[in-house]
Amino acid sequence: MDGRDAATDLELLRAHVAGDRDAFAALFHRHRDRLWAVALRTLGDREEAADALQDALLSAHRAAARFRGDSAVTTWLHRIVVNACLDRIRRRQAHPTVPLPDGNRTDGWGTGGVEPATPAPDHDTALVVRAALAALPVEQRAALVLVDLQGYPVAEVARILGVAEGTVKSRCARGRARLAVLLGHLRPTASTRPDRVDPDADVPDVTAGNPRAAEGVGSGSVRIRQDANQEDT
């Protein structure tokens, strides 16, 4: 077994800082599935998510020497990814563009293939749900993605976002209320009620990722807008 497999996240990060060229890659591969899922569900676009994840990992790679261990490495990585996604959302809102039809697009993260000319009903529903999620304020969206879609405990999300637990709960509650209004027309009648509606029906599956529970933060709080190139304190 490779010695890196038994190394902790902190040991891998320290090895990277010390000059081990493979340590950071090992750290990334350990957490890539969950980091990718967070980026994809936050941005709702595969190319944007891939770019945001790349930006975040470059930031983490360069800022590793400034990591002081006040938080778990996985919390630090998630925070950088979330901030990279939120920065992209804010830039997109400040400079909106109209996307061109792109039914034949493939990318390195996806499975490729041509999207159907006439989407199936389930696909339509997934697009409506994704659009509603994208319509939420960015802070509410980030909280809902981490808590409701990714299943992180509220306490861990508070550490990732650098806010109080009560703030996370409040953002989730407000976000759920807005989604209930935006998606109220999707509520099925008794005769047409499906077993369930999957908001990620057209999103490629992601594996469970790192099976170990995320560690907590030792101390400190951060601003959600803090530079992703610096460790939060």
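Which residues in α7 are buried? In this predicted model, the buried residues of α7 are Val 138, Gln 140, Arg 141, Ala 142, Ala 143, Leu 144, Val 145, Leu 146 and Val 147. The chain that holds this helix has 9 helices and 0 strands, and 39% of its 233 residues count as buried.

**Overall architecture**

- Along the sequence, the elements follow the pattern α-α-α-α-α-α-α-α-α.
- When contacts between residues at least 6 apart in sequence are considered, 73% of them join residues at least 24 apart.

**Helix α7**

- Helix α7 spans residues 138-149, and because 9 of its 12 residues are buried, it is largely enclosed by the rest of the structure.
- Gly 151, which lies just after α7, takes a positive phi of about 80°.

**Packing of α3 against α7**

- Two packed helices are described by the angle between their axes and by the distance between those axes.
- For helix α3 (residues 23-43) and α7, the angle is about 130° and the axes are 10 Å apart.
- On the α3 side, the contact is made by Val 38, Arg 41, Thr 42 and Leu 43, while α7 contributes Arg 141, Val 145, Leu 146 and Leu 149.
- Sorted by class, the residues in the contact of α3 with α7 are 5 nonpolar, 1 polar and 2 charged.
- Arg 141, Val 145 and Leu 146 of α7 take part in this contact and are also among the buried residues of the helix.

- A disulfide is a covalent bond between the sulfur atoms of two cysteines.
- The structure holds 0 disulfides.
- Cys 85 has a relative accessible area of 0%, so this residue is buried.
- Cys 172 counts as buried because its relative accessibility is 1%, and buried means under 20%.
- Cys 172 is found in helix α9, which covers residues 165-182.
- Apart from its neighbours within four places in sequence, Cys 172 is in contact with Ala 143, Leu 144 and Val 147, which are among the buried residues of α7.
- Cys 172 and Val 147 are 25 residues apart in sequence, and their C-alpha atoms are 7.9 Å apart in space.

Definitions and conventions: Residues numbered from 1 in each chain as written. Predicted model: local features only at pLDDT ≥ 70, side-chain atom pairs only at ≥ 80, totals over all residues. Heavy atoms only, no water. Buried < 20%, exposed > 50% of the residue type's maximum accessible area, 1.4 Å probe, protein only. Helix = DSSP H or I, 4+ residues; strand = E, 2+ residues; numbered from the N terminus. Disulfide = S-S within 2.5 Å. Axes fitted to C-alpha atoms, helices over the stretch in contact; angles between N-to-C directions. Contact = heavy atoms within 4.5 Å. Nonpolar A, V, L, I, M, F, W, Y, C, P; charged D, E, K, R; others polar.
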